[in-house]
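Please look over the structure shown here before reading on. The report that follows takes up a few of its parts in turn.

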Amino acid sequence: MESVLFEVVARWLHFLGALVWIGHNYATAVTRPRYVPLAAADLSDPESPRQRVLLQREHGAFRYASLLTWASGALILWHRGWLGDALSLHGALAPLGLGMWIATLMVANLWFVLWPHQQRVLGFVPAPIDERLRASRVTFLSARVNTMLSIPVLFFMGAGTHGVALFG
């Protein structure tokens, strides 16, 4: 019973974390389909309408949802004894492993590329205006990379249950 409860809780954490994380990516892609360059005036005045929109958009929950999603997925695989084979892309667990490796790249992109640049754009980290403007383009592109990578991740996570047929 404990094992079944653990599996259910971990799956729901994985599902809800992915919903917040990937949902944020998709919502951003729909509401901002094109890159609209910021002007120096947008970032120099903390009360400017564009700066306020940027601050309101940055809520941070999606960053932590990425960690929850990745960790709960790894925990599920570990609990089942599949983590080693999935990470080494062995046999029927190769699709899950490939999805996990791509998701790992997405988490790294979010925390080590997107977030440091976003901190500059928002003024959380002091930077000259020209650097903040350049960083806004980097955050846009980094977010788009994660949105595009989410498509194969979702495919491989779904294909994981059918791995025997595909990779057996």
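## Basis of the description

Two residues are said to be in contact when heavy atoms of theirs lie within 4.5 Å. The model is a predicted one, and the descriptions below should be read with that in mind.

T139 is found in helix α7, which covers residues 129-159. When residues up to four places away in sequence are not counted, T139 touches L114, H117 and Q118. T139 counts as buried because its relative accessibility is 9%, and buried here means under 20%.

R144 is found in helix α7 as well, and its contacts, again not counting residues up to four places away in sequence, are with T28, A29, R32 and P33. With a relative accessible area of 15%, R144 is buried.

In soluble globular proteins, nonpolar side chains tend to be buried together. The largest nonpolar core in this model has 15 residues, and those with the most contacts inside it are W21, M106, L110, W111 and V153. The elements that contribute two or more residues to this core are α1 (2-31), α4 (61-80), α6 (94-122) and α7, and α6 gives the most, with eight residues.

M106 illustrates these surroundings: leaving aside its neighbours within four places in sequence, M106 is in contact with W21, I22, N25, N146, L149, S150 and V153.

## How α1 and α4 pack

Two packed helices are described by the angle between their axes and the distance between the axes. The axes of α1 and α4 come within 7 Å and cross at roughly 150°, and the crossing of α1 and α4 is left-handed.

On the side of α1, the contact is made by residues including F6, L13, W21 and H24, while on the side of α4 the residues include F62, L68, I76 and R80. Taken together, the residues of the contact of α1 with α4 divide into 12 nonpolar, nine polar and three charged.

## A loop residue with positive phi

Most residues other than glycine have a negative phi, and most peptide bonds are trans. Against that background, L89 has a positive phi of about 55° although it is not a glycine.

L89 has its place in the loop between α5 (83-87) and α6. At 40% relative accessibility, L89 counts as partly exposed, because that category lies between the limits of 20% for buried and 50% for exposed.

Notes:
Residues numbered from 1 in each chain as written. Predicted model: local features only at pLDDT ≥ 70, side-chain atom pairs only at ≥ 80, totals over all residues. Heavy atoms only, no water. Helix = DSSP H or I, 4+ residues; strand = E, 2+ residues; numbered from the N terminus. Buried < 20%, exposed > 50% of the residue type's maximum accessible area, 1.4 Å probe, protein only. Core = buried A, V, L, I, M, F, W, Y, C linked by side-chain atoms within 4.5 Å. Axes fitted to C-alpha atoms, helices over the stretch in contact; angles between N-to-C directions. Left-handed = near helix turned anticlockwise from the far one by under 90°. Nonpolar A, V, L, I, M, F, W, Y, C, P; charged D, E, K, R; others polar.
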